[in-house]
Amino acid sequence: NRLKATLKLAMEKGNWGAPLKPGWGRGIASFGGFGSYATQVAEVECTRDKIKVHRVVAVVDCGFVVNPLGMSAQVEGATNDAVATALHAAITIDKGGAAETNWHEFRWSKMEDSPAIEVYSIEGSENPGGIGEVGYPAAVAAIGNAIFAATGKRARKLPISPEDLV
């Protein structure tokens, strides 16, 4: 099964089961859609003041890979988007409308927020599947699972902040 193969390789490349420093957690999640499959492992540090995603390992099976660099770039971009959504991006509603009027008031990820991202491909002979969105869903879930592993607390809303885990 293609999804199982991504899970197995992600566990291997993501050092699943290896010890981490206190306050760190490792989480894993998988996604299948658009004719492709992905599993991601996230390593996250949680303190009273911050949540930092340090590393994400992504394994993708999107069938025959037409453009390997393009595939990797799509997964890296989607993973960074997932980090922003999981930890930073929020729209505040005030008097029935968005309080943020433009990007200068909307917190998104900065370069310093970007984790080390490793992308691995399981190339098969299947028809090419979609890749644009495949790197996003599992990354958000893996981050949430890593936070739970580090803190014992489940986040119930996005973005996740350290105050939510007290």
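User: Why is the contact between Glu45 and Lys50 called a salt bridge?

Analyst: Their closest N and O atoms are 3.7 Å apart. A salt bridge needs a side-chain nitrogen of Lys or Arg within 4 Å of a carboxyl oxygen of Asp or Glu. The pair of Glu45 and Lys50 therefore qualifies. This is a predicted model: local features need pLDDT of at least 70, side-chain atom pairs count only at pLDDT 80 or more, and totals for chains, interfaces and linings use all residues. Residues are numbered from 1 along each chain as its sequence is written, and side-chain values use heavy atoms, leaving out hydrogens and water.

User: Is Glu45 buried or exposed, and how do you know?

Analyst: Glu45 has 17% relative accessibility. Buried means under 20% relative accessible area, exposed means over 50%, and partly exposed lies in between (1.4 Å probe, protein chains only). So Glu45 counts as buried.

User: What makes Arg2 and Asp61 a salt bridge?

Analyst: Their side chains meet at 2.9 Å, N to O. The limit is 4 Å, so the pair counts. Arg2 sits in helix 1 and Asp61 in strand 3, 59 residues apart, so the pair links distant parts of the chain. Helices (H or I, at least four residues) and strands (E, at least two) are DSSP runs, numbered from the N terminus. Arg2 is partly exposed at 21%, while Asp61 is buried at 5%.

User: What links Glu118 and Arg55?

Analyst: A salt bridge does, with 2.8 Å from N to O. Glu118 lies in strand 6 and Arg55 in strand 3, 63 residues apart. Glu118 is partly exposed, with a relative accessible area of 23%. Arg55 is buried, at 15%. Arg26, Glu43, Arg55 and Glu118 are linked in a network of salt bridges. The whole structure holds 7 salt bridges.

User: Why is Arg26 called buried?

Analyst: Its relative accessibility is 11%, so Arg26 falls under the limit for buried. Arg26 is found in strand 1.

User: What does the side chain of Arg26 reach?

Analyst: It reaches the backbone oxygen of Gly14 at 3.2 Å. The backbone oxygen of Asn15 also lies 3.2 Å from a polar atom of the Arg26 side chain. A polar contact is a pair of N or O atoms within 3.5 Å; within protein, one must be able to donate a hydrogen and the other to accept it, and residues adjacent in sequence count only if both atoms are side-chain atoms.

User: What stands out about the phi of Asn15?

Analyst: It is near 55°, a positive value in a residue other than glycine. Most residues other than glycine have a negative phi, and most peptide bonds are trans. Asn15 sits in the loop between helix 1 and strand 1. Lys95 also has a positive phi, about 55°, and is not a glycine. Lys95 lies in the loop between strand 4 (93-94) and strand 5 (97-98). At 83% relative accessible area, Lys95 is exposed.

User: Which peptide bond is cis?

Analyst: The one from Leu158 to Pro159 is cis, with omega near -5°. Pro159 is in the segment after helix 3 (137-151).

User: How do you know that strand 2 and strand 3 pair?

Analyst: Two strands pair if DSSP finds at least two bridges between them. Strand 2 (residues 36-46) and strand 3 have 10, in the antiparallel sense. They form a hairpin with 4 residues between them. Thr39 has Val59 as its bridge partner in strand 3. Strand 3 also pairs with strand 6 (residues 116-121), in the parallel sense, over 6 bridges. There, Val56 stands opposite Ile117.

User: What makes strand 3 mostly covered?

Analyst: Of its 11 residues (51-61), 10 are buried.

User: How many disulfides does a search of the whole structure find?

Analyst: It finds 0. A disulfide would be a pair of cysteine sulfur atoms within 2.5 Å. Cys46 is buried at 10%, and Cys62 is buried at 4%.

User: What do Leu7, Met11 and Trp16 form on the surface?

Analyst: They form a nonpolar patch with about 240 Å² of accessible area together. Accessible areas come from the Shrake-Rupley method with a 1.4 Å probe; for residues, only the protein chains shown count as cover. Patch residues have over 30% relative accessible area and no salt bridge; like charges are joined within 9 Å, nonpolar side chains (Val, Leu, Ile, Met, Phe, Trp, Tyr) within 5 Å. Trp16 has 36%, so Trp16 is over that area limit. Trp16 is found in the loop between helix 1 (2-13) and strand 1 (24-33).
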